[in-house]
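Work through the exercises below with the sequence and the structure side by side. Try each task before reading its solution.

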Amino acid sequence: MQQIISNCEERMKKCVASLEGEYQNLRTGRASTALFDKIKVDYYGAETPLNQVASLSVPEARLVVIQPWDKSLLPAIEKAIQKSELGLNPNNDGKLIRVNFPSLTEQRRKELAKQSKQMAEQSKVAVRNVRRDAMDDLKKKQKAGEISEDEQKEGETKIQKLTDNYVAEVQKIADAKEKEIMEI
């Protein structure tokens, strides 16, 4: 029974971590190097992650500076950022690339807040699916005679408590992200 509960908790942690990862890639009007994690640059014929061919820094709240280790990559990096779904315009000065983050319009902030709520709801559903799987495992063990009915009830109570805690954690993360998005 303890194995089922620890497995359940591990999977719920992964659901929360997944949401946090998705939120890092959600553009909020604040500069963040995490937004560039999925951008790949053509580096001598190989698609290479941007952070492996350049250093990225955030000198100001609305600016990311990208300094490639090889200056010949500037056009490729600029092109990769323009092709990305970020909707940003990089400025190439011959030595480095500056990416300004314009402030978001009210309508765009509302869209992003709605999108963040959907992501949070998907995470809550994932946590509940983990709970369902764990409950099913407990029932199978009880039917097979491996655990008693009391142990099954005790396990279900613990799993429900875990579920409540992780759903609350997802909600807390979602509320913080929405507040960040709606800030001007």
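**Exercise 1: a pair of rings**

F36 is buried, with a relative accessible area of 2% (buried means under 20%, exposed over 50%, partly exposed in between, with a 1.4 Å probe and protein chains only). The model is predicted, so local features need pLDDT of at least 70 and side-chain atom pairs count only at pLDDT 80 or more, while totals for chains, interfaces and linings use all residues. Residues are numbered from 1 along each chain as its sequence is written, and side-chain values use heavy atoms, with hydrogens and water left out.

Task: Describe the aromatic pair that F36 and F101 form.

Solution:
1. Rings of Phe, Tyr and Trp (its six-membered ring) pair if their centres lie within 6.5 Å; planes under 30 degrees apart count as stacked, over 60 as edge-to-face and the rest as tilted.
2. By this rule there are two aromatic pairs.
3. In the pair of F36 and F101, the centres are 6.4 Å apart and the planes make 85°, which is edge-to-face.
4. F36 lies in the loop between α1 (2-24) and β1 (40-43), and F101 in the loop between β6 (97-100) and α3 (106-143), so the pair ties together parts that are 65 residues apart in sequence. Helices (H or I, at least four residues) and strands (E, at least two) are DSSP runs, numbered from the N terminus.
5. F101 is also buried, with a relative accessible area of 2%.

**Exercise 2: the open sheet**

Task: Which strands stand at the edges of the sheet?

Solution:
1. The order of the four strands is β3-β4-β6-β5, with antiparallel pairing (two strands pair if DSSP finds at least two bridges between them).
2. β3 (54-60) and β5 (90-92) each have a single partner strand, so one side of each is left without a neighbour in the sheet.
3. Five bridges join β3 to β4 (residues 63-68), and E60 stands opposite L63 in β4.

**Exercise 3: two helices**

Task: How are α1 and α3 packed?

Solution:
1. Their axes are 10 Å apart, at an angle of about 170°. Axes are lines fitted to C-alpha atoms, for helices over the stretch in contact, and angles run from 0 to 180 degrees between N-to-C directions.
2. α1 is therefore roughly antiparallel to α3 (under 35 degrees is roughly parallel, over 145 roughly antiparallel, 65 to 115 roughly perpendicular and the rest oblique).

**Exercise 4: a threonine**

Task: Is T163 buried or exposed?

Solution:
1. T163 lies in helix α4 (residues 149-182).
2. Its relative accessible area is 2%, so T163 is buried.
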